[in-house]
Amino acid sequence: MRDEGRGTRDEVAGAGAIRRCGAALGLAVLLAACSGSGDGNQGPALPNLGTFSGVVANGGTATATFTAGRDGEANVGICGPEGVDLDVTVGPVTRSSSSNCERAVFQATRGRTYTVTVRSVTGAGPFNGCWSTTFVTCTVVAPVVVVDDPGVPTGYYASTNGLSGTPLLQALNDIIDGQRFFGYTTARDSLYAVVDDPDGDDVIVDLYTGRSATVNSRQTAAIANFNAEHTWPRSRGADTTTFAGTDLHALFAADETANSVRLNYPFGVVTGAASWTSPPIAGSTERSRLGADALGRTVFEPRDSKKGNVARAILYFYVRYYFDRPPGFSLANFNVEEPTLIQWSQQDPPDDDERARNNVVYRVQGTRNPFVDRPQFVQAVGDFPNALTR
């Protein structure tokens with residue numbers, strides 16, 4: 001009977017259980033993939049390849065075992081997170097190369113059980129492993145480790161573990177629902193005094209033009225020709241008498257002229273001649289524009305370094321208010337913007353300033369923007385539908 005090279009369970013001790021080749025692998029813990037063919041040995045079928053996973057402490061070791069499915073060359077691969085230096089020992093072979101990934105190749109005996117020892121030279125964290133006694137080298141992928149900003153409370157996103165699509169949207173909504181409510185006056189005072197000035201130097205920078213001014217109150221904002229921009233327009237549901245219109249994650253200090261030009265147009269990429277371009281700012285070549293997109297729709301395109309900020313603000317607003325819709329809530333803009341926002345969120349990832357702003361909003365309002373903390377949530381959601389129920 002030909003052995004098709006499928007792994008069996010309970011072949012690994014200490015580091016985790018073997019997963020049957022071809023079965024669904026754990027999303028965060030087990031990312032190894034394996035493949036292979038029969039070994040041609042006679043007698044009872046034995047596993048030819050499999051995967052394992054575990055966690056190793058800094059300077060510590062972890063072990064796993066497997067039983068060889070055939071005589072001849074065998075290989076074991078392990079990978080840990082980037083920046084961790086791991087060694088692997090199996091049978092008589094040790095491999096060490098100052099890397100987070102190692103592979104040992106040795107001559108195995110069919111039916112013999114081998115111990116894999118993973119040792120941390122420096123660093124700690126999860127690792128994935130694979131073994132193969134087929135004629136095909138197994139493949140192992142380094143685990144993805146999420147490192148939260150120090151401002152994120154422990155366990156803040158625990159309920160999202162392993163989720164994607166609509167279940168992830170619902171879990172995120174549960175996390176960010178229920179921020180402290182401020183009137184619009186207080187929200188703007190907070191915006192100018194602390195939210196858009198996380199370093200406390202009383203200098204804020206306009207979202208669209210990049211113009212800076214000394215602003216720390218509504219009064220000084222008016223003198224400097226700054227006002228509050230609703231990235232999700234008031235006419236689409238960001239009513240200033242509700243949570244939605246005073247939510248600091250979607251409010252930004254903006255140049256009055258640029259804000260007026262944007263009006264309530266959706267965001268997008270201007271492909272033709274612009275009907276308006278923001279004025280040049282010394283030391284910067286970035287410009288915001290108003291014009292037509294590839295389908296002839298009028299869209300507003302913010303300067304490059306703020307496209308990701310805008311995208312994450314709007315995606316936040318969608319998740320926060322889709323299930324708890326304020327008066328006038330509309331997806332008219334969002335249905336135009338969605339593909340572009342997802343693209344911008346990838347092209348312009350969060351920087352230190354955006355993360356600092358997120359931390360300030362959390363202190364003031366009590367909620368965080370999950371797409372700033374974990375940009376990978378955007379891809380995990382995938383589609384932001386316009387017909388959801390709970």
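1. The model is predicted: local features need pLDDT of at least 70, side-chain atom pairs count only at pLDDT 80 or more, and totals for chains, interfaces and linings use all residues. Residues are numbered from 1 along each chain as its sequence is written, and side-chain values use heavy atoms, with hydrogens and water left out.

2. Rings of Phe, Tyr and Trp (its six-membered ring) pair if their centres lie within 6.5 Å; planes under 30 degrees apart count as stacked, over 60 as edge-to-face and the rest as tilted.

3. Trp276 and Phe300 are stacked, at 6.0 Å centre to centre with 25° between the planes. This pair links distant parts of the chain, 24 residues apart: Trp276 belongs to strand E13 (residues 276-277) and Phe300 to strand E15 (residues 298-301). Strands are DSSP runs of E, at least two residues, numbered from the N terminus. Trp276 is buried at 17% relative accessibility, and Phe300 is buried at 0%. Buried means under 20% relative accessible area (1.4 Å probe, protein chains only).

4. Tyr322 and Phe329 pair edge-to-face, with 6.4 Å between centres and 85° between planes. Tyr322 is buried at 3%, as is Phe329 at 13%. Both belong to a cluster linked by ring pairs, whose members include Trp232, Phe317 and Phe384.

5. The charged end of Arg70 sits over the ring of Phe135, 4.0 Å from its centre. Arg368 lies over the face of Tyr362, 5.1 Å from the ring centre. The criterion is NZ of Lys or CZ of Arg within 6 Å of the ring centre and within 35 degrees of the ring normal.

Note on methods
Helices (H or I, at least four residues) and strands (E, at least two) are DSSP runs, numbered from the N terminus. Buried means under 20% relative accessible area, exposed over 50%, partly exposed in between (1.4 Å probe, protein chains only).
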